[in-house]
Amino acid sequence: MKDLKELVRPNIWSLKPYSSARDEYKGFEASVFLDANESPFNNPNNRYPDPLQIDLKKMISPIKGVPADNIFLGNGSDEAIDIIYRIFCTPSVDNVVAIEPTYGMYKVCADVNDVEYRKVLLDDSFQFSADRLLEACDEKTKVIFLCSPNNPTGNDLDAKEIKKLIETFQGIVIVDEAYSDFSSSESLLKKLDNYPNLIVLQTFSKAWGSAAIRLGMAFASAEIISIFSKVKYPYNINRLTQKEAREILSRNSDVESWVKTIIEERSVLIDKFSKLDCCIKVYPTDANFFLAKVSNATKIYSYLVNNGIIVRNRNNITLCNDCLRVTIGSRQENDALIESLSKYK
Ligand SMILES: *Cc1c(COP(=O)(O)O)cnc(C)c1O
């Protein structure tokens, strides 16, 4: 890996962060707070939330096996993705490389930040080659985006190729593990110490059943995390989100059983879906959704909408011609889908 200083935008490297009232007061007990121009009324929402989310990170740390200094929390993973661009990519100078097809936010954030986004097509089994991604890079490539299990294809990326890419690329490698709870492959979190150029993304939006609270996680070296903390809005995680997140973290075992149920329902639903007349193929999946090739994705999508069932039409996505992306729901929801499609002609 290049020196971090060479990878970070010069203005960010020399940035002096905003110092909030709650940053400056730390530690010792106090009962009178006249430092932040807050209201004394409407407790507890009158107080600014903890800008460092210390209690929350203390709970996440043992569950993920990662020290608090290696954790950034954002307003969804989407905030982490945007901050990655703002840290590493000088607009209209630097570029990033990503697999294609993949999660749409990497490209949207590239466009917002005026950063060139280079796509490298996956192969027929939706796998990538480290060499082909590296060929797409030049000296202005700061970041490579991987997503495993990948969205919208559903499959894990090849672990050997991921390792090769991280070990060969001189810049930053992002591995988005939004769906890793549903996969039997090992998370890369255990390898963080070996890879100073790795950033792993996870989220509360999928397995943790908390998309509404908007909480995403980035895991990386303490040095990278400290730059994230400099760039983020001071109070990016509100008090209600921190409270709800602590609540769901204390129900860790419920979440494990939800994941188990979803994985069981996944095989039941895929089995039934594969037997439908309109189904051409269900692609292998390691996530809480599957991609399926059908006789006519756009027609079937509209038919389902008319029956009050929404799936994702991926027909216009590269390599996903006539494909629908279907989330694994409750047994009832899944049955409603099969029931409806069995009547489709
Ligand atoms: C759903 C999803 C996320 C989660 O984004 P949040 O902003 O945390 O809700 C991240 N990455 C991928 C690939 C996803 O599909």
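The entries below follow that order.

**Entry 1: ground rules.** I am working with a predicted model, in which local features need pLDDT of at least 70 and side-chain atom pairs count only at pLDDT 80 or more, while totals for chains, interfaces and linings use all residues. I number residues from 1 along each chain as its sequence is written, and side-chain values use heavy atoms, with hydrogens and water left out.

**Entry 2: the chain.** I counted 13 helices and 11 strands in the protein chain, taking helices (H or I, at least four residues) and strands (E, at least two) as DSSP runs numbered from the N terminus. The radius of gyration of the chain is 22 Å, close to the 20 Å that the globule rule gives for 345 residues, so the chain is as compact as a globular protein of that length; the radius is taken over C-alpha atoms, and the rule is 2.2 Å times the number of residues to the power 0.38. Along the principal axes, the C-alpha atoms fill a box of roughly 70 × 50 × 30 Å. Of the 345 residues, 48% count as buried, meaning under 20% relative accessible area with a 1.4 Å probe and protein chains only.

**Entry 3: the ligand.** Which residues are closest to the ligand? I found 14 residues around the ligand, with Tyr179, Thr203, Ser205, Lys206 and Arg214 the closest, where a residue is near if one of its heavy atoms lies within 4 Å. I then looked at polar contacts, that is, pairs of N or O atoms within 3.5 Å. A polar side-chain atom of Tyr179 lies 2.6 Å from an oxygen atom of the ligand, a polar side-chain atom of Lys206 lies 3.3 Å from a ligand oxygen, and for Asp78 a backbone N or O atom lies 3.3 Å from a ligand oxygen. The protein covers 93% of the 390 Å² of accessible area that the ligand has on its own, by the Shrake-Rupley method with a 1.4 Å probe. Helix α5 (residues 76–88) gives the most to the shell, with three residues.

**Entry 4: Phe169.** Is Phe169 buried or exposed? I placed Phe169 in the loop between α8 (159–168) and β5 (172–176), and Phe169 counts as buried because its relative accessibility is 7%. Leaving aside residues up to four places away in sequence, Phe169 touches Leu134, Cys137, Thr141, Lys142, Val143, Ile144 and Asn197, with contact meaning heavy atoms within 4.5 Å. The C-alpha atoms of Phe169 and Asp131, 38 residues apart along the chain, are separated by 9.9 Å.

Terms used: A polar contact is a pair of N or O atoms within 3.5 Å; within protein, one must be able to donate a hydrogen and the other to accept it, and residues adjacent in sequence count only if both atoms are side-chain atoms. Buried means under 20% relative accessible area, exposed over 50%, partly exposed in between (1.4 Å probe, protein chains only).
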